[in-house]
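Colleague: Could you take me through this one? I'd like to start with the packing inside.
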Amino acid sequence: MNLFAQFQTHISQMLIGLIGQGRLPTDLDLTRFVVEPPRDPSHGDLATNAAMVYAKEAKEGFGGPRQLASELAIMLAQSADVAEAEVAGPGFINIRLKTEVFARVVRAALTEKESFARPVAPSAEPINVEYVSANPTGPMHVGHGRGAVFGDALANLLAFAGYSVTREYYINDAGAQVDVLARSAFLRYREALGEAIGDIPEGLYPGDYLKPIGEALAKTHGRSLLDLSESQWMPKVRQFAIDGMMAMIREDLAALNISHDVFFSERSLTQGPDGSDLVGAVIEDLRQRGIIYKGRLPPPKGQLPDDWEDREQVLFKSTDFGDDIDRPLIKSDGGYTYFASDIAYHKSKIDRGFLNMIDVWGADHGGYVKRMQAAVKAVSGGQGHLDVKLCQMVKLMRDGEPVIMSKRAGTFVTLREVVDEVGVDAVRFMMLFRKNDATLEFDLAKVLEQSKDNPVFYVQYAYARGRSVLRQALGIFPDLDVSAQALAQAPLDRLTDEGELNLIKLVAQYPRQIEAAALAHEPHRVAFFIHEVASAFHSHWNKGKDMPQLRFVNEDDRLLTCARLALVESLTRVISSGLSLLGVSAPQEMR
C-alpha cells in the first residue's frame with residue numbers, strides 16, 4: 001500500500017483532465033513530478049511539486065504555478081482521503097490526510113504481508129547483477145566484502161521489486177595473475193613434498209592460504225609434476241589452483257550468506273568448449289559494422305605510463321558512444337586487451353537475454369566506466385543499459401586504530417577473519433550503512449557495542465523490543481489474540497498521540513522508500529530508513545517511562561493495548577522486512 005504512489009496516480013489523473021480541457025499540452029510527461037513527505041512534518045502528510053513542474057507548459061488560463069496549484073488543491077480537497085490541501089510558497093501543495101487513512105496503513109501492513117511494501121516493477125524483465133568478481137588468486141579482503149554485500153543486497157531489493165534477477169560472478173582466470181598463482185602454488189607443492197623453499201620469491205603470492213593447495217597437489221600428483229617443464233605443468237597447476245581458490249572464495253561468500261547463480265569464466269571467452277573465440281568474433285562484428293579502425297592515440301596527459309606505445313593500433317570508436325577517447329582492442333603482441341575481453345563478456349550477457357545490467361566494481365575502476373558503457377551501447381545496438389556501481393574502500397579499525405595485518409594472508413585482513421570476529425549481521429549491516437561511493441570506516445570494536453551508537457545493534461534491538469512488547473501484553477492478557485488478523489481489527493482510531501501518529505507515518509513511507517531504493521539501485525536507503533524507524537520507536541518507548549499513559553501495554557485498557565500492539569506489530573514488520581532485504585537477521589530477543 002503505497003500512499004505516495006496512489007496520490008501520484010490521482011494527481012496524474014487530474015492533470016490528464018486538464019489536458020482534456022486543452023489547458024495543458026497533450027505531450028505532457030507525467031513522470032516528472034513527485035509526491036513526497038514535506039520537509040517540515042507540521043506542513044502536512046504529503047507534498048507535491050506538480051504545479052511548479054508544469055505551470056510553464058500550461059496554455060492560456062494559468063497565471064503561474066500558484067494558480068495551477070490552487071486548482072489542483074481544490075480538486076485534491078474533494079478526495080475522500082484528504083482533510084486539507086493548501087498551496088505553499090511558490091506553488092507547492094501540502095496535503096493533510098484524514099485519520100482513517102493511517103488506520104488503513106496499519107491494517108495493510110498487518111494483512112498484506114510482503115505485498116504491502118512490494119513496488120510494481122516496470123516488468124519482470126531479466127536483470128544481471130555482477131558483483132564480487134575478485135581475482136581467484138587469494139582470499140577475499142574486506143574491500144571485496146563491501147562489493148559482495150552491496151551486490152547481494154541490491155539483488156535482493158530488485159528481486160523483491162519484481163525483476164527476474166541473475167547474480168553473476170566473473171572469474172578473471174585468463175590474465176597473467178593466474179600464471180603467478182600457478183607458480184606460487186607449485187612452490188607450495190614442492191614445500192609439501194618436503195623441500196625447503198626459504199623465503200617466498202618477489203612476485204609470487206606469499207600467503208599461507210596456498211599451503212593447502214600445495215598439499216592437495218602433492219596428494220593428487222605425487223612427485224610426478226617435478227619431472228615436467230613449466231610449460232607442461234603450468235596448465236594442470238593453474239586450473240587446479242584456480243579451482244581451489246574459487247572453492248575458498250565460495251566458502252568466504254557462504255559465510256556472508258551470499259551465493260551466485262552464474263560463475264562465468266573469462267578464459268571461456270577465447271577458449272570455448274567448442275574451440276570458439278568470442279572475443280575475436282565480437283571484434284570482427286564491430287569491424288563489419290565500421291565501429292573499429294586502425295589509428296594512433298595521442299599520449300595521455302601527464303606522465304606517460306610504462307606500457308604506452310606510440311604505434312598504429314586497432315581501435316574501437318568508443319567516442320561515438322559517449323567515451324572520452326577511442327580504445328585499443330589488440331596489444332602489440334597480438335593478444336587481446338582487457339577491454340576487448342570485457343566487451344565480449346558483456347556481449348555474452350546480452351546474448352543471454354540481459355539488456356539491463358548492473359556491475360559492482362571497486363572505486364579504483366572508476367576510469368573504466370565510460371568505455372564499458374560505450375561498449376554496451378555499441379554491441380547492443382543502443383538497446384542495452386549498463387549501470388556501474390562503484391564501492392569505495394573500507395578502512396578497517398579497532399578502537400579507532402588502523403588494522404592492516406592478517407595472520408592468514410600476511411599482507412591484508414581477510415574478509416573471513418572479520419566475519420568470524422564480529423559476525424555476519426554486523427558486517428552486512430555496516431557495509432550498507434553508508435552510500436556505496438563513500439569511504440567506510442569499519443571499527444571491529446564498535447560494531448560489537450550494545451549501544452545506540454552501534455547501528456546494527458540499535459535496529460535489531462528495536463525489533464527485539466517490539467517482540468518483547470507483545471510478550472509483555474500476553475503476560476497481562478493471556479487470552480489476547482495477537483495474530484495479525486486479530487490486531488487488524490483493533491480500534492485504531494484510539495491512536496491519537498502525536499508520537500503514535502508519527503510512527504504510523506513512518507510505516508506509510510516504507511513502500512515509497514523501497515521503490516525509490518530499487519529504482520536508484522541504492523540499498524543503503526533501506527538501512528538508513530529502518531534505522532530512522534528504530535530510532536523513532538525507541539524514542540516513543542522511552543517516553544512511556546515518564547508518561548505511563550503512552551506505554552504500549554495498558555493493563556487497564558485492553559482495547560487501547562490492542563490498538564498499540566497493532567502499531568508495534570506494523571513497525572516490527574517494517575524493520576524485519578528491511579533487515580531481510582539487507583540479509584541481516586531479526587532476533588526475537590537480545591540480552
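Modeller: Before we start, contact here means heavy atoms within 4.5 Å, and please keep in mind that this is a predicted model. On that basis, and leaving aside neighbours within four places in sequence, valine 427 is in contact with Leu256, Leu415, Val418, Val419, Val422 and Phe442.

Colleague: OK, and which residues have the most contacts inside the largest nonpolar core?
Modeller: They are Leu72, Leu97, Val418, Val427, Phe429 and Phe442, in a core of 152 residues. Helix α18, residues 558-582, gives the most to this core, with 12 residues. There is also a second, separate core of 30 residues, which includes Leu269, Leu329, Val376 and Val379.

Colleague: Switching to helices, at what angle do α6 and α8 cross?
Modeller: The axes of α6 (residues 176-192) and α8 (residues 230-255) cross at roughly 95° and come within 8 Å. Angles of 65 to 115 degrees count as roughly perpendicular, and α6 and α8 are therefore roughly perpendicular to each other.

Colleague: Which residues make that contact?
Modeller: From α6 they include Leu181, Ala185 and Phe186, while α8 contributes Trp233, Val237 and Met245 among others. By class, the contact of α6 with α8 has 11 nonpolar and 4 charged residues, with no polar ones.

Colleague: And leucine 253, is that buried or exposed?
Modeller: Leucine 253, which is found in helix α8, counts as buried because its relative accessibility is 1%, and buried means under 20%. Apart from neighbours within four places in sequence, leucine 253 is in contact with Val132, Met140, Ala148, Tyr169, Ile258 and His260.

How values were computed: Residues numbered from 1 in each chain as written. Predicted model: local features only at pLDDT ≥ 70, side-chain atom pairs only at ≥ 80, totals over all residues. Heavy atoms only, no water. Axes fitted to C-alpha atoms, helices over the stretch in contact; angles between N-to-C directions. Helix = DSSP H or I, 4+ residues; strand = E, 2+ residues; numbered from the N terminus. Parallel < 35°, antiparallel > 145°, perpendicular 65-115°, else oblique. Nonpolar A, V, L, I, M, F, W, Y, C, P; charged D, E, K, R; others polar. Core = buried A, V, L, I, M, F, W, Y, C linked by side-chain atoms within 4.5 Å. Buried < 20%, exposed > 50% of the residue type's maximum accessible area, 1.4 Å probe, protein only.
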